[in-house]
Amino acid sequence: MVLNLIIQTIVWFGFMGAIIFVAAGTTDYPGGWLYLAVMVTLSVVFGTIMAHVDPGLLRERLKPPVQKDQPLADKLLLVAILLVILGGMGFMAADAARWHWSAMPSSVQLAGCGLLLAALLFIYWVMRTNSFAAPVVKIQKDRGQAVITTGPYAIVRHPMYFGALFYIAGTSLVLGSWWGLAAVPILAVLLGIRIGIEEQALRKGLDGYDDYARRVRRRLIPFIW
């Protein structure tokens with residue numbers, strides 16, 4: 001499983017790097033290298049830790065984003081979300097390094113690095129709290145899935161999606177693109193749609209979810225929705 005983690009990390013970030021630098025039109029792009037360095041380092045560190053403390057979850061997260069027992073609506077929506085994320089990164093890189101639409105101080109990029117780190121640490125906290133945080137919508141009966149009500153799940157019902165919004169914002173700042181921040185509300189809309197699909201499956205297939213939803217009313221953003 002660790003070998004699989006290493007291979008997927010190399011392939012995924014190699015692909016992501018190709019998108020970033022092709023869009024930038026140059027490899028002389030410090031923001032792109034900084035982003036990849038942070039992401040590769042944290043992915044390997046967090047993945048290695050998860051392999052020891054929660055191998056079941058890591059095994060789930062290493063599975064492909066489209067799976068057999070996944071609702072069709074979620075398959076289609078997940079493809080759209082991936083296109084927004086990857087396409088957004090390409091746009092951010094082109095904005096900062098090819099078109100030079102954004103003039104961002106290096107201090108803001110470093111602050112974005114801090115935001116990116118905070119978002120990834122928050123997402124890691126979510127995964128340590130919820131061993132069933134699979135990348136696709138499904139009920140993991142084989143792993144005895146249960147409702148999680150502690151940690152970030154006591155605040156919103158889908159905290160990983162909340163962290164993902166800050167991840168995209170941090171990515172835009174590290175890559176040096178003000179215009180890339182427009183991807184945040186677009187992603188929020190898509191995640192809001194996915195929450196509807198996911199909650200339908202959870203209410204139908206997971207005992208106790210209805211009671212949990214009545215107690216924790218906010219789905220994505222604390223105090224708002």
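Helix 1 passes helix 2 in a right-handed crossing. In this predicted model, helix 1 covers residues 2-24 and helix 2 covers residues 30-53, and the two pack at an angle of about 165° with their axes 11 Å apart. An angle over 145 degrees counts as roughly antiparallel, so that is how helix 1 and helix 2 sit relative to each other. On the helix 1 side, the contact is built from Val 2, Leu 5, Thr 9, Phe 13, Met 16, Gly 17, Ile 20 and Phe 21. Helix 2 answers with a list that includes Trp 33, Tyr 35, Leu 36, Met 39 and Val 40, and also Gly 32, Gly 47 and Ala 51. Sorted by type, the residues of this contact come out as 13 nonpolar and 6 polar, with no charged ones.

Helix 1 also packs against helix 4, this time at an angle of about 40° and with the axes 7 Å apart. Angles under 35 degrees would count as roughly parallel, so at about 40° the pair is called oblique instead. The crossing of helix 1 with helix 4 is right-handed. Helix 1 brings Trp 12, Phe 15, Met 16, Ile 19, Ile 20, Val 22, Ala 23 and Ala 24 to the contact, while helix 4 brings Leu 86, Met 89, Gly 90, Ala 93, Ala 94, Ala 97 and Arg 98. The tally here is 13 nonpolar, 1 polar and 1 charged. Met 16 and Ile 20 of helix 1 turn up in the contact with helix 2 and again in the contact with helix 4.

On the annotation side, the unreviewed UniProt entry places "transmembrane region" features at residues 5-26, 32-51, 72-94, 106-126, 147-170 and 176-197. Two of these spans can be set against the model. Residues 176-197 are 68% helix and 0% strand, with the end C-alpha atoms 34 Å apart.

Backbone geometry picks out a couple of residues. Most residues other than glycine have a negative phi. His 100 is not a glycine, yet has a positive phi of about 55°. This histidine belongs to the loop between helix 4 (72-99) and helix 5 (106-129). With a relative accessible area of 56%, His 100 is exposed. Phe 223, also not a glycine, has a positive phi of about 70°. Phe 223 is found in the segment after helix 8 (209-215) and is exposed as well, at a relative accessible area of 77%.

The segment after helix 8 also holds Arg 219. At a relative accessible area of 29%, Arg 219 is partly exposed. Setting aside neighbours within four places in sequence, Arg 219 is in contact with Val 156, Arg 157, His 158, Ile 195, Glu 199 and Trp 225. Val 156 comes up again with Phe 223: the two are 67 residues apart in sequence, but their C-alpha atoms are 8.8 Å apart in space. For Arg 219 and Arg 128, the separation is 91 residues in sequence and 19 Å in space, C-alpha to C-alpha.

Technical notes
Residues are numbered from 1 along each chain as its sequence is written. This is a predicted model: local features need pLDDT of at least 70, side-chain atom pairs count only at pLDDT 80 or more; totals for chains, interfaces and linings use all residues. Side-chain values use heavy atoms; hydrogens and water are left out. UniProt positions are given in the numbering used here, feature names are shortened, and annotations may be inferred rather than shown by experiment. Helices (H or I, at least four residues) and strands (E, at least two) are DSSP runs, numbered from the N terminus. Buried means under 20% relative accessible area, exposed over 50%, partly exposed in between (1.4 Å probe, protein chains only). Axes are lines fitted to C-alpha atoms, for helices over the stretch in contact, and angles run from 0 to 180 degrees between N-to-C directions. Angles under 35 degrees count as roughly parallel, over 145 as roughly antiparallel, 65 to 115 as roughly perpendicular and the rest as oblique. A crossing is left-handed if the near helix is turned anticlockwise from the far one by less than a right angle, and right-handed if clockwise. Contact means heavy atoms within 4.5 Å. Ala, Val, Leu, Ile, Met, Phe, Trp, Tyr, Cys and Pro count as nonpolar, Asp, Glu, Lys and Arg as charged, and the others, Gly among them, as polar.
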